[in-house]
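Student: Can we go through this one together? I'll ask as I go.

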Amino acid sequence: MKNLQKILNMVLSKNVFEYILINNALEVTNSSSGIKQYVGKNIQTGDDILEFLPELVGSENEIKGIFSDPLSTYVLESIHKQEYYVNICIEYFDENVALVLFHNITDNTLSSQKILQYSNESMLLGNTLQTILDKQNALVFVTHNNHINYINEQFMEYFDIKNINDLPRKNIIIYKYVDENLESYEALCERLNSKEEYVTINLDTFILKATSIKNTQSLFTLTKVTKLSNEMQRDTLTGAYKKSFFTQSIEKIIANKEDAVVVVIDIDDFKNINDSFGHQVGDIVLKEFTSLVEKNIRDEDIFSRWGGEEFILLLQRTTLENAMKKVERLRQTIESYSFSNIGKMTASFGISLKGDTDDSHSLLQRADKALYKAKEKGKNCIVFKKS
Amino acid sequence: MIRKKILLLGDFSVGKTSLVRRYVDGSFDDKYLTTIGVKISKKLFNIKGEDHEMIIWDVEGSTPSKKISLGYYRGASGAILVGDITRKETIEGLAAHKEVFLSENPDAKFVIAYNKADMLSDMARERITLDSDIFLTSAKNDMNVERLFMKLMEKMLK
């Protein structure tokens, strides 16, 4: 025992280690003078070690096993005791005595804590930013090396995907929606160059904006403006789409090689209505006429005002036969409807079917010629002009 | 006296230290200070005339790059698995904490705390699915903290 004490006293002189000696009943038999700074009170011979080291509760049998096994040790790391951090190591001395050694690691631990604190706070900040991005109404995604490496919840919801790994499977390549010729997100970022651009995805219109982050990542936001965009495309008097919207739509259909039928509609003898009832009544008739037609077409059909009392109806993804039936029903509906102030009136219809070589101009020209024929035939009828 | 060692386990910054402080000292501090290593607290109480001492190990939170030392798990009779209800990933991570804890202590008991409930609206709180072992807690508002610890003690003494 005396030798052990000598060795320990040498070690203790460096003020880094303190000790308690315990017997196999886990009672204190001796301790160094500096131990009080860790356990908070003076230790007496015969004290229950668990009173001072509750850290050992639950491991009593393991510690008792040390007395019969010289090779076994019990180690606890980074224990916060009073104002200190210590490693506690319990080792065999003989079958009656075990050494409980306290190694003061406070300085190192506090340095590590500063780093850990900084790291954890950075991660919390990252989480907060992600939460903010997830709560945006816009679709948000971040790219790096031409890969999307973050998408927010709105993005996943809109494209009906569960996580970022679903992107390749669904073949969602945003830059291709903007321009088929673009080859990368870097190219998209360069093209946008801090400006906004309208992009159509499915049937929705978005404003796309790109922000470069430290030249290594790009943050893109897609703000859905379908409703607003639609309102901007509407004729202020009648509420029908503007001619420009028809042109955009038919050009997309031609580019995508989809089927379509174009119908030019003209209200018969509208000049007489204006002359007899005045222009105010004429305006009301135009609004009622628009409302009546829109109630009798599909959501995807586009009804636009060409000018005056002339309108264009674009029927998408349909056959000529179905289109003719639909237009005939529309003609009958108009014929039988009683308009405010004026009562009955009719309309004439000219129809063209999109062919492989058509452009928007040729389609419209043919439908317009067909309308001319319908007027010649006596109005209130439908004429189809082949390509 | 019956002594039981319990652990508070969970990801970093979910409020483990705050729960212990609320339960043991009745206090709360909003400031976040990362726990490193482990700090042990004691709580004495009497059940049916018998003294009990709960030895509470407030263990440092795990992070993606730093896992908890398995040495801390030895001899534990129970654990409180703590997640931050405002951080989905910390709730999802509880399953992994439970698995490691039970692999080291197969007979031990556990309860779960969805902490920081004070940050949720009443409506959001109602939407959370709980059971008899899962508590919505707030160390800040002292919500269900006592019930949480007592429930674990009851389970350990059964």
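Student: How much of chain B counts as buried?
Tutor: Of its 158 residues, 47% do. A residue is buried if 20 or more other C-beta atoms lie within 10 Å of its own, exposed if 12 or fewer, and partly exposed in between, with C-beta atoms placed from the backbone. This is a predicted model, where local features need pLDDT of at least 70 and side-chain atom pairs count only at pLDDT 80 or more, while totals for chains, interfaces and linings use all residues. Residues are numbered from 1 along each chain as its sequence is written, and chains are lettered from A and ligands numbered from 1 in the order in which they are written.

Student: What is the secondary structure of chain B?
Tutor: Chain B has five helices and six strands. These are DSSP runs numbered from the N terminus: helices are H or I with at least four residues, strands E with at least two. Along the sequence the pattern reads β-α-β-β-β-α-α-β-α-β-α.

Student: Which residues of the largest nonpolar core touch the most other members?
Tutor: They are B:Ile6, B:Leu7, B:Leu8, B:Trp57, B:Ala79 and B:Ile80, out of 67 residues in that core. A nonpolar core is a set of buried Ala, Val, Leu, Ile, Met, Phe, Trp, Tyr and Cys residues joined through C-beta atoms within 7 Å.

Student: Which helix gives the most to this core?
Tutor: Helix α5 (residues 145-157) of chain B, with six residues.

Student: Back to B:Ala79. Why does it count as buried?
Tutor: Because it has 28 C-beta neighbours inside 10 Å. B:Ala79 is in strand β4 (residues 78-84) of chain B.

Student: And what is B:Ala79 in contact with?
Tutor: Contact means C-beta atoms, placed from the backbone, within 7 Å of each other. Leaving aside neighbours within four places in sequence, B:Ala79 has B:Ile6, B:Leu7, B:Leu9, B:Phe101, B:Ala108 and B:Phe110. B:Ala108 is 29 residues away in sequence, and the C-alpha to C-alpha distance is 7.7 Å.

Student: What about B:Ile80, which residues does it touch?
Tutor: Not counting residues up to four places away in sequence, B:Ile80 touches B:Ile6, B:Leu8, B:Val111, B:Ala113, B:Leu148 and B:Leu152.

Student: New topic. At what angle do α1(B) and α5(B) cross?
Tutor: Helix α1 (residues 16-25) of chain B crosses α5(B) at roughly 90°, and their axes come within 9 Å. Axes are lines fitted to C-alpha atoms, for helices over the stretch in contact, and angles run from 0 to 180 degrees between N-to-C directions. The two helices are therefore roughly perpendicular. Under 35 degrees counts as roughly parallel, over 145 as roughly antiparallel, 65 to 115 as roughly perpendicular and the rest as oblique.

Student: Which residues meet there?
Tutor: B:Leu19, B:Arg22 and B:Tyr23 in α1(B) meet B:Val145, B:Glu146 and B:Phe149 in α5(B).

Student: And in chain A, how far apart are the axes of α12 and α13?
Tutor: For helix α12 (residues 270-277) and helix α13 (residues 279-295) of chain A, the axes are 7 Å apart at an angle of about 135°. That makes α12(A) and α13(A) oblique to each other.

Student: Last one: how many residues does each chain give to the contact between A and B?
Tutor: Chain A gives 22 residues and chain B gives 20. On the chain A side, α5(A) gives the most, with nine residues.

Terms used. Two residues are in contact if their C-beta atoms, placed from the backbone, lie within 7 Å.
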